[in-house]
Amino acid sequence: MSKERIDFDERIDRKNTSCIKYDFAVQRGKPEGILPLWVADMDFKAPQPVLDALKDRVEHGIFGYSEGKEEYFEAVQDWMGRRHGWAVERKWLVKTPGVVFALAMAVKAYTKPGDGVMIQQPVYYPFSEVIEDNDRKIIDNTLYLGEDGIYHMDLEDFEKKAVENQVKLYFLCSPHNPVGRVWTREELTQLGEICERLDIIVVSDEIHQDFVFKGKHQVFAAINEKLKNRTITCTAPSKTFNVAGLQISNIFISNPELKRKFKKEIAAAGYSQLNALGLTACEAAYRYGEDWHDQLMEYLKENINLVRTYLTDNLPQIKLIEPDGTYLIWLDFRALGLSEQEREELIVKKAGLWLDSGAMFGSIGEGFERINIACPRSIIMEALDQLKTAVKNL
């Protein structure tokens, strides 16, 4: 029996749905009607089994305090085991309303004001925000773009800065947002040896773990027992199944003392029960959403191929940093020779596009743009054509 084909080409009108991506351009300083390819949610409906489960829950009509039962954990456990070869245990799980919330709780739990927290820019900008907003210092082990066109970690610099700044907490982004690297087991093992030697706690943001096109996602905590006991692993169904607005994340902490400190900060923040619909969506997604996700991955691969070919044929000045993973692509605009302000003028006012400026991810990101390609192919073509016209008229 053939499986139902998902129509990812369908353009769904998201306007007037209180959608940050489409409904808040003017409030965020952009022109009305701009084409948005910025924030990391998808323009696709969630899997039908998720929608069905939510419908049943809504029709029940009561949305009191809720919690995940054993079936919830089993669905999460099964997904992690089958898709990532990681055997998680029930006692490790702490559920939060989001990964960024978990990052903030980790900062509070494992550092004190004035301490340094290591990140690797250009990186997801909330990393910096939760560090600085909690009066900690950013210690940046900057990624470097090699002659091979691939971003790499400078582990010698990592160790040097960690020692000089007495770093005890590090945020790992894996797969990496925005540069699209899927770190190899060898890279992560070398990194882990430094963290073990210097007694650094690792918060591993693995929210994009289900979007890998090249290589294989390596769960950092699964490398060995020592790393498992110093790692807080952050996962969620939000990116994978486009349910970010339902606010549900699964955080795994095997070390009882690290878990105790983490949960204490959650309690101090006044947070307890989760979003009832988020629990429903997560369980249904991990239990029944695999076919939808497999089809989505094939569609996203073709979207990346489209962008690569289009740039080569029409905009050779703009270079695609080849993504190993995520649905967020990193484009190098530096050959255009524009300042930050000039490039913003080109993209926003002349091309009519809302992208994420690379500078948001750290000063090393200046000259780059992050683009979300998890949308119908016709939208990508529209965006590329608008960009082509704007560049042609420079």
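Modeller: The model is predicted, so local features need pLDDT of at least 70 and side-chain atom pairs count only at pLDDT 80 or more, while totals for chains, interfaces and linings use all residues. Residues are numbered from 1 along each chain as its sequence is written, and side-chain values use heavy atoms, with hydrogens and water left out.

Biologist: Which domains does the chain have?

Modeller: Domain 1 covers 26-48 + 289-393 and domain 2 covers 62-287; such bounds come from an automatic or database domain assignment. Over C-alpha atoms, the centres of domain 1 and domain 2 are 25 Å apart.

Biologist: How do you know that domain 1 and domain 2 are in contact?

Modeller: Contact means heavy atoms within 4.5 Å. By that criterion, 34 residues of domain 1 are in contact with 35 residues of domain 2. The buried area, which is the accessible area (1.4 Å probe) that two parts lose on being put together, summed over both, is about 2,900 Å² between these domains, with 60% from carbon and sulfur atoms. Of the area that domain 1 buries against domain 2, Asp324, Thr326 and Phe361 supply 23%, more than any other three residues.

Biologist: Why is the pairing of Asp324 with Arg181 called a salt bridge?

Modeller: The term requires a side-chain nitrogen of Lys or Arg within 4 Å of a carboxyl oxygen of Asp or Glu. The closest N and O atoms of Asp324 and Arg181 are 3.0 Å apart, so the pair qualifies as a salt bridge. Across the interface of domain 1 and domain 2 the rule finds five salt bridges, and the structure holds 31.

Biologist: What makes the salt bridge of Glu159 and Arg197 a link between distant parts of the chain?

Modeller: Their side chains meet at 2.9 Å, N to O. Glu159 lies in helix α6 (residues 155-164) and Arg197 in helix α7 (residues 185-197), 38 residues apart. Helices (H or I, at least four residues) and strands (E, at least two) are DSSP runs, numbered from the N terminus; the chain has 14 helices and 15 strands.
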